[in-house]
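This briefing covers the sheets, the ligand shell and the salt bridges of one structure. Please read it alongside the display below.

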Amino acid sequence: MNTILLFIFSMIYFNSQAQEGSMIRIETENFAHVLKIGLDHKLYQTYIGTKLNNNAEYEAVSKENIKKFVVNDGNPLIDLRHAAYPTFGTTNLFEPAIRVTHNDGNPSLELEYQKHSTKKIDDNCIETIIKLKDPQYPVFVELHFKAFYKQNVVESWTVIEHKEKEPITLYNYASSALHLDADKYWLTQFYSDVVEEVRIEESQLTKGIKIIDSKLGVRTNMFAAPNFFLSLNSKSTEETGEVLAGTIAWSGNFKFTFDLDNNNELRIISGINEFASEYSLEPQKVFKTPVFIYTFSNQGKGLASRNLHSWAMNYGLKDGNKSRLTLLNNWETTFFDFDEKKLTNMFSDAKTLGVDMFLLDDGWFGNKYPRSGSTSGLGDWQATKAILPNGIGYLMDQATATGVKFGIWIEPEMINEKTELYEKHPDWVLSLPNRAKDVYRTQLVLDLCNPQVQDFVFKVVDDIMQIKSGVSFFKWDCNRMMTSAYSNYLKKQQSHLFIEYTNGLYKVLDRIKAKYPNLEMMLCAGGGGRVDYGMLNYFTEFWASDNTDAFNRIFIQWGYSYFYPALATCNHVTSMGKQSIKFRTDVAMMGKLGFDIHVGGLKEDELKFCQDAVVNYKRLSPTIWKGDLYRLVSPYEDTRAVLMYVDKEKNHSVLFSYTLQPLTDPNYGLVKFKGLDVNKKYKVEEINSMPHGRKSFEESGNVCSGDFLMKIGLKVSSSQPESSVILEINAVE
Ligand code: DGJ
């Protein structure tokens with residue numbers, strides 16, 4: 001049958017057979033996710049993609065294989081490829097979203113549609129809840145979809161409960177199952193290691209299953225990031241192509257399964273990694289899966305990122321609409337070697353730089369076993385008298401007197417064996433009986449499944465907040481993953497460990513957020529090994545990497561920018577790289593700026609440069625933090641990186657250009673701008689020049705139309721390796 005005939009046939013077929021109300025549309029401004037109740041009462045996904053103008057035509061969009069479930073033509077094996085939430089045990093032959101064993105040992109689940117409802121949360125957000133039930137067993141599944149209209153983002157999760165007499169066992173319990181039909185599928189994934197965060201790899205999916213997951217328990221995305229792009233038909237670029245972006249708000253083990261079948265149909269199952277985690281669910285208790293977040297763009301990855309940034313700033317990131325504190329941190333200048341005098345001098349350094357806050361890092365605590373290195377003290381959260389005789393309160397007072405805020409480092413989920421805490425509570429650590437402890441970074445993980453440990457971790461923050469008027473900021477670190485994990489608290493239910501640890505952590509963070517709603521906190525895990533939207537619900541920002549060499553940071557920060565907004569990404573100017581202070585500062589300014597340098601060691605012109613840069617940053621940061629990001633030239637494809645942020649009114653923009661290798665092409669540097677208003681005129685000025693006053697951008701001060709800047713562009717880059725240019729672009733007239 002040719003395509004036109006098939007189309008007409010399907011139109012007639014669907015129009016005559018479809019039941020009233022049998023289609024459920026999850027819609028945003030530009031994309032739609034469409035579900036349909038089959039004649040067999042099961043729920044199917046028929047479409048995900050760019051929104052159609054005419055709703056009735058969703059009936060006709062699916063390919064021939066979709067009609068089979070409506071026909072109910074006796075071929076259920078093929079039908080279930082499109083199941084909206086595939087089950088296991090009866091006729092589904094593909095990767096399930098849910099797998100259950102009932103009280104009588106029956107290992108199968110069927111889910112039929114019962115009812116659905118939609119609820120307007122606010123003018124921008126509608127929640128759809130679809131209730132499914134096993135026809136033979138009292139097991140209930142609710143599929144939840146929250147659609148954010150302007151952001152073009154959907155959050156989806158699942159609620160599972162039952163009324164059997166005894167607990168049922170859940171073996172699979174995904175948050176989301178999506179079905180895509182395209183000719184080809186290109187997966188972009190992000191992989192990491194300590195100091196090598198968010199490397200990017202794009203590859204075409206082949207038939208079979210591809211999994212991106214974590215089994216690390218805590219610091220869960222140390223190796224694989226919980227984010228992906230899936231481009232349809234061909235590779236997408238920044239500006240072109242159909243692309244689905246997905247991420248999960250879960251800070252424990254996660255899993256994305258890409259199941260490409262023999263018909264070239266793709267299912268993406270996303271959620272908690274069920275590995276070693278079968279879950280015994282008590283009757284009447286609710287199992288709520290974490291939120292899977294996705295957006296669909298038909299204009300490439302750039303728009304997908306902007307959608308996610310906008311969602312994050314409005315919904316996903318703690319205080320995403322507020323401002324952030326610039327800071328001076330002491331980690332890379334002092335490590336564990338400091339005392340009261342050194343610190344109070346650094347308060348003055350922070351003031352001299354012009355930043356808002358001083359952040360005291362690791363090494364301030366422990367008395368019986370002082371934290372003079374990484375082998376002791378972790379867990380004893382009292383200031384070390386030998387180096388800080390007047391305690392934290394004195395430091396707070398001194399910082400206030402100097403005119404800067406005071407923040408502090410903690411790593412409250414972890415413990416050194418050489419501590420009073422361990423002497424008192426050896427049973428509070430995760431460690432296997434009859435096996436040697438795996439002491440990674442000479443520390444162990446506390447058992448957050450245990451409510452007493454949860455209380456302890458809450459108290460670490462609460463006690464510090466009770467000193468004087470409390471600190472302004474916490475850096476919450478986490479420097480190891482789980483190995484040899486066993487919870488004394490869970491006893492025979494060890495398969496709950498990975499889930500209950502994460503839930504325990506969230507309980508603590510919920511208490512902190514409730515008691516200190518305005519407290520700003522940085523999420524850290526030996527760099528960015530823990531960034532996900534589960535944690536960012538509690539944290540205002542994250543530490544991107546312990547690799548602070550500005551050259552490497554360009555790649556790392558670029559990688560994060562796909563899924564996380566600039567105001568959440570902490571970048572510090574350090575002395576790790578040997579580049580000029582200008583290059584290092586310019587690189588840090590593309591996100592949330594901080595310093596971790598020996599201010600007294602700066603030459604006069606370097607200090608002046610930093611001070612001016614902080615002033616500039618304060619002026620530019622509303623646009624960097626809240627504007628739209630356009631990635632113009634990728635360091636992964638070129639010898640330079642160029643990106644720009646444009647405010648929502650298209651009046652103000654900041655462009656960053658970083659040259660990595662010498663540019664030899666005579667036309668080097670020409671870049672077309674994006675996101676401006678064609679009808680406006682803009683003054684383009686170089687800022688942060690160094691030596692002070694010398695510009696590398698020859699056209700600085702020129703006025704050009706948005707039309708010209710976007711169609712023709714300007715030569716923005718300097719030709720020298722490891723050099724940078726920042727342009728401030730202001731609408732004039
Ligand atoms: C790892 C972090 O990433 C560093 O910034 C620093 O805080 C150290 N931990 C302290 O132990």
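In which sense do strand S27 and strand S28 pair, and over how many bridges? Strand S27 (residues 520-523) and strand S28 (residues 541-543) pair in the parallel sense, over two bridges. The model is predicted, so local features need pLDDT of at least 70 and side-chain atom pairs count only at pLDDT 80 or more, while totals for chains, interfaces and linings use all residues. Residues are numbered from 1 along each chain as its sequence is written, and side-chain values use heavy atoms, with hydrogens and water left out.

**Barrel**

- Eight strands close into a barrel in the order S21-S22-S23-S26-S27-S28-S29-S30, with parallel pairing; strands are DSSP runs (E, at least two residues) numbered from the N terminus, and two of them pair if DSSP finds at least two bridges between them.
- Met522 has Glu541 in S28 as its bridge partner.

**Open sheet**

- Four strands form an open sheet in the order S10-S17-S16-S13, and their pairing is antiparallel.
- Strand S10 (176-181) and strand S13 (208-213) stand at the edges with a single partner strand each, so one side of each is left without a neighbour in the sheet.
- S10 and strand S17 (residues 265-272) run antiparallel and are joined by six bridges; Leu180 stands opposite Leu266 in S17.

**Ligand shell**

- Of the 13 residues around the ligand (a heavy atom within 4 Å), Asp361, Asp362, Lys475, Asp477 and Asp546 come nearest.
- The shell divides into four nonpolar, three polar and six charged residues.
- Polar contacts (pairs of N or O atoms within 3.5 Å) include one at 3.2 Å between an oxygen atom of the ligand and the side chain of Arg441.
- A nitrogen atom of the ligand lies 3.4 Å from an N or O atom in the side chain of Asn479, and a polar side-chain atom of Trp543 is 3.3 Å from an oxygen atom of the ligand.
- Taken alone, the ligand exposes 290 Å², of which the protein buries 98%; the areas come from the Shrake-Rupley method with a 1.4 Å probe.

**Salt bridges**

- The whole structure holds 34 salt bridges, each a side-chain nitrogen of Lys or Arg within 4 Å of a carboxyl oxygen of Asp or Glu.
- One of them joins the side chains of Lys42 and Glu110 (3.4 Å, N to O).
- Lys42 lies in the loop between strand S2 (31-37) and strand S3 (43-50), and Glu110 in the loop between strand S4 (98-101) and strand S5 (112-122), so the pair ties together parts that are 68 residues apart in sequence.

Conventions
Polar contact = N/O pair within 3.5 Å; in protein donor to acceptor, adjacent residues only side chain to side chain. Nonpolar A, V, L, I, M, F, W, Y, C, P; charged D, E, K, R; others polar.
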